[in-house]
Number of protein chains: 2
Amino acid sequence: MDKANKVFIATSLDGFIADKNGGLDWLYSVPNPNNEDNGYVEFMSSVDALVMGRNTFETILGFDIDWPYEKPVFVLSRSLKTIPESHREKAFLVNGPLTEVLKQIHERGHYGLYIDGGSTIQSFLKEDLIDEIIISRIPVILGRGFPLFDELPNKLEFELTQTKVFLNQITQSRYIRKK
Amino acid sequence: MDKANKVFIATSLDGFIADKNGGLDWLYSVPNPNNEDNGYVEFMSSVDALVMGRNTFETILGFDIDWPYEKPVFVLSRSLKTIPESHREKAFLVNGPLTEVLKQIHERGHYGLYIDGGSTIQSFLKEDLIDEIIISRIPVILGRGFPLFDELPNKLEFELTQTKVFLNQITQSRYIRKK
């Protein structure tokens, strides 16, 4: 798999990835009777590991579901000391400068990386380390919440490579970093 | 024409309508050799007047171009005392609560309204007075600038009615307020 750091995320029309209480119900406001995956399975087959922050990791651990990932998850954290024993074959702690972290992950044989979680995506964007972004826009204006994007030192140009509409309501566009 | 308050606007992927210096060059970063209008003419035929704030009005007056609107422009302003003499048959000062302003404009026979300018759009959204939004997403992350959306007291749900891609790079989606 080629080296690429990829984002696959849903936002409100005003760019939030969680509502003001961290809630995600609005993500499921579009009826989905056949449980369509909105491109998730195809996207997952294009990466061989995930990178996320401690917040996202702990949020997923807190959900009342089985561990949802078949691919290794690298948890970026300075504060977390260990991965809970239950997940030590699934998740791995990494820290340090992002380029170092990426080097370590590449050396372990993982090149296509799903970068997930708001803060982690923002850190990668600040260092211009995101190669591909797939954004699904949910047709709601939340008014406040946790934003996908944060301030950046420089503008970043992308190229639109695809746009699809899921469930007749969700616009999903794929962007590749123009270099 | 039916009563409807409509927005037609382009934003960066991170939701800005002008860069940090107010600049708009990034809007023209997608090559447009045949000078395509990206749906503007069709949209303009769906309204019979414009409503904008003083800032947008003065920005347009400041451009080194002929007055670009064939339809009446209502300028929302508390501070502006008069419309410059050169534009008195084209632009009209209005002020007061938005519902009052709308009533006045409707009484003059204008029902389909193009609501333009960041602050004006934000004021209308705060009172849930926007019926239709057409957003064109330019494939660039600006990192900072003037945002299209601001905080809202409540979330607003919309219905996606159309998505088009212009110039192979600009995704344009049309949303109708779900009521």
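Two strands pair if DSSP finds at least two bridges between them; strands themselves (E, at least two residues) are DSSP runs, numbered from the N terminus. The model is predicted, with local features requiring pLDDT of at least 70 and side-chain atom pairs pLDDT 80 or more, whereas totals for chains, interfaces and linings use all residues. Residues are numbered from 1 along each chain as its sequence is written, chains are lettered from A in the order in which they are written, and side-chain values use heavy atoms, without hydrogens and water.

Begin by selecting strand E10 (residues 156–166) of chain A together with E8(B): 2 bridges join these antiparallel strands. Within this pairing, display Leu156(A) and its bridge partner in E8(B), Ile141(B).

Next, select the contact (heavy atoms within 4.5 Å), to which chain A and chain B each give 32 residues. The two chains bury about 2,800 Å² between them, 57% of it on carbon and sulfur atoms; buried area is the accessible area (1.4 Å probe) lost on putting the two parts together, summed over both. On chain B, highlight Leu13(B), Ile141(B) and Leu160(B), which lose the most area to chain A, together 22% of what that side buries.

Then turn to Arg144(B) and Glu151(A), whose closest N and O atoms are 2.8 Å apart in a salt bridge (a side-chain nitrogen of Lys or Arg within 4 Å of a carboxyl oxygen of Asp or Glu). The interface holds 2 salt bridges by this rule.

Finally, colour the side of chain B that touches chain A by strand: E7 (132–138), E8 (140–141), E10 (156–166) and E11 (170–177) each give two or more residues. E10(B) supplies the largest share, 7 residues.

Methods: Helix = DSSP H or I, 4+ residues; strand = E, 2+ residues; numbered from the N terminus.
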